[in-house]
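Hi,

Here is the structure I promised to pass on. Please have it open while you read, as my notes follow it piece by piece.

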Amino acid sequence: MSQVALCVRFTLRDGAGEAFDELVRQAAAAVLEHEPGTLVYACTEVEGAPDQRVFFELYADRAAFDEHGRQPHVRHFLSESKNYAESTEIDRLRPYAGKYSSV
C-alpha cells in the first residue's frame, strides 16, 4: 500500500474544547471540499478524557499528504490549534492490511 496515514492526539487546555471543535469543523469541511486525495480525515473525542481529541487521517499517497499540508485551511488549523492545545502527539502509520478506501 502506498497510502499514508497519521494518528494525531491533541490534549486541550481547560475550557478550549468548544473553540477547538469549531476549528476542526471548519478544517474538515474544507478538506472534504478541496482534497480528493484525503480519504479519511476524522476527529473523535476520547471517551472518559474530555480534553483529548484524536484524528485519524488517511491519504491516497505521499503526494496527497504533501498537498494536504500546503492547503491554506490546514495551515490555518495548525496555526490556530496552538491556542487550544497543551500538547500534540503525532504517530505516522504505515497501513499494510485491512479494509481501506482507495481513490
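Which residue in β3 does F10 stand opposite? F10 stands opposite R53.

Before the rest, a word on the ground rules. This is a predicted model, in which local features need pLDDT of at least 70 and side-chain atom pairs count only at pLDDT 80 or more, while totals for chains, interfaces and linings use all residues. Residues are numbered from 1 along each chain as its sequence is written, and side-chain values use heavy atoms, with hydrogens and water left out.

**The sheet**

Four strands make an open sheet in the order β2-β3-β1-β4, with antiparallel pairing. Its edge strands are β2 and β4 (85-93), each of which pairs on one side only. On average, neighbouring strands are turned by 15 degrees against each other, direction ignored. Strands here are DSSP E runs of at least two residues, helices are H or I runs of at least four, and both are numbered from the N terminus. Two strands pair if DSSP finds at least two bridges between them.

Strand β1 (residues 4-12) pairs with β3 in the antiparallel sense over eight bridges. T11 stands opposite Q52 in β3. Eight bridges also join β2 to β3, and these two strands run antiparallel, with T44 opposite V54 in β3. The hairpin formed by β2 and β3 has two residues between the strands, and G48 in the turn has a positive phi of about 85 degrees.

**The helices**

The axes of helix α1 (residues 17-34) and helix α3 (residues 72-81) come within 9 Å and cross at roughly 165 degrees. Axes are lines fitted to C-alpha atoms, for helices over the stretch in contact, and angles run from 0 to 180 degrees between N-to-C directions. α1 and α3 are therefore roughly antiparallel to each other (angles under 35 degrees count as roughly parallel, over 145 as roughly antiparallel, 65 to 115 as roughly perpendicular and the rest as oblique). Residues making the contact (heavy atoms within 4.5 Å) include F20, L23 and V24 of α1 and H73, H76 and F77 of α3.

**The aromatic rings**

Rings of Phe, Tyr and Trp (its six-membered ring) pair if their centres lie within 6.5 Å; planes under 30 degrees apart count as stacked, over 60 as edge-to-face and the rest as tilted. By this rule the count comes to seven aromatic pairs. In one of them, Y41 and F55 have ring centres 5.5 Å apart and planes at 70 degrees, so the pair is edge-to-face. Y41 lies in strand β2 (residues 38-46) and F55 in strand β3 (residues 49-59), so this pair ties together parts that are 14 residues apart in sequence. Both Y41 and F55 are buried (under 20% relative accessible area, with exposed over 50% and partly exposed in between, using a 1.4 Å probe and protein chains only). F10, F20, Y41, F55 and F77 form one aromatic cluster.

**Near the start of the chain**

S2 sits in the segment before β1 and, at 54% relative accessibility, counts as exposed. S2 and P95 are 93 residues apart in sequence and 8.2 Å apart in space, C-alpha to C-alpha. Leaving out residues up to four places away in sequence, S2 touches A60, D61 and R62.
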